[in-house]
Amino acid sequence: NLLNNAVKYTPSGGEIECRLYTEESSAVVSVKDNGIGIAADVLPRIFDLFVQGDQSLERVHGGLGVGLSLVDKLIELHGGFVHASSEGPGKGSEFTVSLPLAGAVERLAPKSFPVEVAEPGGRRVLIVDDNVDAAQSLALILEDWHHTVEYCYDSTKAIDVARDFRPDIVLLDIGMPHLNGFELARHFRAIPEMKPVRLVAVTGYGTPMHLDAGKKAGFEHHLVKPVDLAKLEEILSLGAENAQQ
């Protein structure tokens, strides 16, 4: 994700430098570019920029927010951290990831997450999100929890994918082009064989207005990105006896 962002936001002919080195008990990876840079007012909240940034339900081009939020969360799960720095617009940026070396892992304080899902309780989960990084990263987590996962990046194809896959649960983004998540949820609820499917909004939109619109559209649950993994595990564990076979 960091390399992809560096390529995406560095003009043709620019330079990108990736370094790996050790620092005390940590492995450090640095991705540095001389691209468009990051404004000073944005830098402190760069890892949840999606929530603060584009509020259009039908955005066509995703920003830095979702991918970087997932980077931050996944690195935290591994006991590390990620730091962003930039001298401002037009002056490039650097993202530095620090992860504990193998010998240091045992000294880390225990985390309250992730919660492992028992394999017998595995679900068939469909992820619908036009952000490829977000969908694939979430899929990796769910597969590690022993769920069977399919994902769809095009909201106009989600119904057909769901009919073929027959999910127990759909994790559905709201801000997508063509059909936004509210419209797609209403389509799901209008199809008789899809009525037992549990719909979960996984989105950057978390205002009371969005929560209310989600309920009216047919969502049972509403998660705001970056997703609370413990809350997601709790939702996935609900109704084990009703899971589709």
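This is a predicted model: local features need pLDDT of at least 70, side-chain atom pairs count only at pLDDT 80 or more; totals for chains, interfaces and linings use all residues.
Residues are numbered from 1 along each chain as its sequence is written, and side-chain values use heavy atoms, with hydrogens and water left out.

The structure holds 2 cavities of 30 Å³ or more. On a 1 Å grid over the protein atoms alone, a cavity is a set of points where a 1.4 Å probe fits but cannot get out; a pocket is an open set with protein on both sides within 12 Å along at least five of seven lines, and lining residues have an atom within 4 Å of a point. Grid points are joined across faces, edges and corners, and a volume is the space filled by probe spheres set on the points. In the class counts, Ala, Val, Leu, Ile, Met, Phe, Trp, Tyr, Cys and Pro are nonpolar, Asp, Glu, Lys and Arg are charged, and the others, Gly among them, are polar.

| Space | Volume | Residues from H3 |
|---|---|---|
| Largest pocket | about 280 Å³ | 5 residues |
| Largest cavity | about 120 Å³ | 3 residues |
| Second largest cavity | about 50 Å³ | 3 residues |

Helices (H or I, at least four residues) and strands (E, at least two) are DSSP runs, numbered from the N terminus. Among the 15 residues that line the largest pocket, Asn1, Leu2, Val71, Leu74 and Ser137 lie nearest its centre. Helix H1 (2-8), helix H3 (65-77) and helix H5 (132-144) each supply at least two residues of this pocket lining, which has 9 nonpolar, 5 polar and 1 charged residues.

The largest cavity, of about 120 Å³, is also lined by 15 residues, and Ala134, Leu138, Val202, Lys225 and Val227 are the closest to its centre. Two or more residues of its lining come from each of H3, strand S5 (124-128), H5 and strand S7 (169-172). By class, the lining of the largest cavity divides into 11 nonpolar, 1 polar and 3 charged residues.

For the second largest cavity, H3 and H5 each give at least two lining residues. The largest share of that lining comes from H3, and its classes are 7 nonpolar, no polar and 1 charged.

## Helix packing

Axes are lines fitted to C-alpha atoms, for helices over the stretch in contact, and angles run from 0 to 180 degrees between N-to-C directions. The axes of helix H7 (residues 181-189) and helix H8 (residues 208-217) come within 8 Å and cross at roughly 20°. H7 is therefore roughly parallel to H8 (angles under 35 degrees count as roughly parallel, over 145 as roughly antiparallel, 65 to 115 as roughly perpendicular and the rest as oblique). The crossing is right-handed, that is, the near helix is turned clockwise from the far one by less than a right angle. Phe182, Ala185, Arg186 and Arg189 of H7 meet His210, Ala213, Gly214 and Ala217 of H8, contact meaning heavy atoms within 4.5 Å. This contact has 4 nonpolar, 2 polar and 2 charged residues.

Helix H6 (residues 158-165) packs with H7 at an angle of about 40°, their axes being 11 Å apart. H6 and H7 are therefore oblique to each other, and their crossing is right-handed. Ala158, Ile159 and Ala162 of H6 make the contact with Leu184, His187 and Phe188 of H7. By class, the contact of H6 with H7 has 5 nonpolar, 1 polar and no charged residues.
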